[in-house]
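Let's take a friendly walk through a protein complex, one step at a time. Keep the picture in view as you read, and find each part as it comes up.

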Amino acid sequence: MKTMVLVRVAARSILKNKMRTLLTMLGIVIGVASVIVMVAVGQGARDQIRARIENLGTNLLVVTPGASNAGGVSRGAGTFNRLTVGDAEALRRESLLLSAVSPVIFAPTQAVGGEGNWRTAVYGVSVDYATIRDWSTSTGSFFDEADVRAMRKVAVLGRTVADALFPGEDPVGRQIRLRNVPFEIIGVLERKGQNAQGADQDDVVLAPYTTVRNRLAGHMFIAQILASTPSPDDIPAAQREAASILRETHRLADWEDDDFTVRDQTQLAEAAEGTTEVMTALLAAIAGVSLLVGGIGIMNIMLVSVTERTREIGIRMAVGARGSDVLTQFLVESVVMALAGGAIGVIVGYAGAETVGRAMGWATAVTPAAAALALAFSAGVGVFFGFYPARKAAALRPIEALRYE
Amino acid sequence: MTPATVIRISGITKTYRIGSTEVQALRGVDLDVDRGEMLAIMGASGSGKSTLMNVLGCLDSPTAGSYRLDGVRVDGLPPDALADIRNGKIGFVFQGFNLLPRTSALENVELPLLYARHGGRRDTRAAAEEALTRVGLADRLHHEPNELSGGQQQRVAIARALVTRPAILLADEPTGNLDSITTLDVLALFQDLNEQGITVVIVTHEHDVARHARRVVELHDGRIVRDEPVGDRLRAATGAA
């Protein structure tokens, strides 16, 4: 018996009992749809986190003071801060792969100006900072090399600071006092939003690192160096290069460990994504259980169907159907039913993911792979749960099946 | 066994076990059926005639004895081989028609062709149409069983039995569910087919039905007690009802 004929026969007998078929498929529909929604939501959450991390800047490398090791005693990361402005300048001078390098001097400050005062953080950075973080000004402009070299007292405000101190007006050209030092506001940054940890990235004042070092921070050590490469492919090489330059400037002997850490975005992202992956797997597992229940529903109906159609099986056998023909027919029926349920489930899941996405304000992503997997799985459910009833049908003896009332 | 012999059974017994009691439905039956014969198997209920029919139709296997169909030994064959024989060599007509419900006449007749393994005809639809035309239902191809009269349903069943061009047509009480007029109608069809060269075996408990055959075999308690040609043969009119 040809496959096409089998599928036709199966489709016909499925269509003859529309209501029952629909109810049977419902289990699979719900199972597949929930798997798709869960995976899509999980994927969406991961994309969201990835987007926030990419929001830090593109092709980013972050150098932080690392674990120092003095006389065999590890004192942990950041205990001995040896990252200096000189390191940043060395990287900028010597690196072939890094296209932009900026030190970040962190100075928590009470900013005074306009309407009142505001507790914020002043970041002493270089001109490259705007490039690295892919951050432009909404009004005014960023400071330039001349400002840095001349240690000019100019500042660029984050949106939050601008709104707090100068509500409803453009602060460009006005003055702000940071630790009693007057700075001229030359620009306001575009809104960047929250970072991956939920901190407000717009609550910041940027100023030339030379000015901040001399006027505000008063020390040579810096919190981090940010750098970026022109293309993501350069990151691993750039990471190694930066490390070797820094080892040299720090005069580390071969046996000494790095006293700094160079990380890229992927490494930052991985940590955050790990959590959502666990969540996604958990949700998908729960959804998988409903798929299993749907499969049992199919088996139940197929068993009823075998009993109900015993006479039909007898007729088919009387005109020459082999046991294997009957087996295949019932198997195809359950697979067709499961697949149809799976297909509807994919569509429902798609719609569900969209709805959840809208409600949560996330972009949920239904991957074709997830849809294909769900379909393949439902076909598997059809085979697995259809096999026992099909075997039962095939094992009937024709004479008994014919006599069955 | 001459080439003209289509069926040869010898020493066929069949024992059913119902609980702890054994029921002997057939107690040693020998029978030869030649090509082109029209044979009626008669007997009261419980005489074993339906059991014999099921054995002849390869729906049931005998407890002992040998069975040759069209020159091939078929007793003791595995289920798949029996299925192929039912498909290719035997056309079976039942008392209760046994058509697939909610399935058109055409599709019902096509059914055996779907399971044909060797020498299966390519165009199953044309073959089914041809068979239905042969039983006079060319204008009922797309009717479903519940839209057909009993006589018409039995004709569909006969067409289904004919469609694979079997060596033999077996009919188990084919007129049992029909009124007297359609009974004659169906018997006329069997006689026509027989005159076209098809071997027909009919099981019945009615003398009037048996008298349409050429030869009558009577069973009693699982044994053949009478085997003789029909002297006063009836000829049903074709095209009735």
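Before we start, here is one idea we will need: two residues are in contact if their C-beta atoms, placed from the backbone, lie within 7 Å. Keep in mind too that what you see is a predicted model. For the complex, the predictor gives an ipTM of 0.92 and a pTM of 0.67.

Let's begin with a pair of helices in chain A. Which residues of α1(A) and α11(A) meet? From α1(A) come A:Leu6, A:Val7, A:Val9, A:Ala10, A:Ala11, A:Ser13 and A:Ile14. Facing them in α11(A) are A:Thr328, A:Gln329, A:Val332, A:Glu333, A:Val336 and A:Met337. Sorted by class, this contact between α1(A) and α11(A) holds nine nonpolar, three polar and one charged residues. The two helix axes come within 9 Å and cross at roughly 65°, and the crossing of α1(A) and α11(A) is right-handed.

Now step back to see chain A as a whole. You can count 13 helices and twelve strands in chain A. Of its 405 residues, 43% count as buried. If you take the contacts in chain A with a separation of 6 or more, 82% of them are between residues 24 or more positions apart.

Among contacts in chain B between residues at least 6 apart in sequence, 68% join residues at least 24 apart. As for confidence, chain B averages a pLDDT of 89, with 95% of the residues scoring at least 70. Among the elements of chain B, the lowest mean pLDDT, 88, belongs to strand β5 (residues 72-73), and the highest, 95, to strand β8 (residues 199-203).

Where do the chains touch? The contact takes 16 residues from chain A and 18 residues from chain B. On the chain A side, the elements that give two or more residues are α1 (3-16), α10 (310-318), α11 (323-360) and α13 (398-403). The largest share of that side, four residues, comes from α10(A). By class, the side of chain A that touches chain B has ten nonpolar, two polar and four charged residues.

Next, look inside. The largest nonpolar core has 128 residues, and those touching the most other members are A:Ile36, B:Ile41, B:Val109, B:Ala159 and B:Leu170. Helix α2 (residues 18-54) of chain A gives the most to this core, with 14 residues. A second, separate core of 55 residues includes A:Ala111, A:Val125, A:Val188 and A:Ala217.

Finally, visit two loop residues in chain B. B:Asp70 sits in the loop between β4 (64-69) and β5 of chain B, and its phi is near 55°, a positive value in a residue other than glycine. B:Glu173, in the loop between β7 (168-172) and α6 (180-195) of chain B, is not a glycine either, and has a positive phi of about 45°. Are these residues buried or partly exposed? B:Asp70 counts as partly exposed because it has 19 C-beta neighbours inside 10 Å, while B:Glu173 counts as buried because it has 20. The cut-off behind this is that a residue is buried if 20 or more other C-beta atoms lie within 10 Å of its own.

How values were computed: Residues numbered from 1 in each chain as written. Chains lettered and ligands numbered in written order. Predicted model: local features only at pLDDT ≥ 70, side-chain atom pairs only at ≥ 80, totals over all residues. Nonpolar A, V, L, I, M, F, W, Y, C, P; charged D, E, K, R; others polar. pLDDT = per-residue confidence, 0-100. Core = buried A, V, L, I, M, F, W, Y, C linked by C-beta atoms within 7 Å. Buried ≥ 20, exposed ≤ 12 C-beta atoms within 10 Å, placed from the backbone. Axes fitted to C-alpha atoms, helices over the stretch in contact; angles between N-to-C directions. Left-handed = near helix turned anticlockwise from the far one by under 90°.
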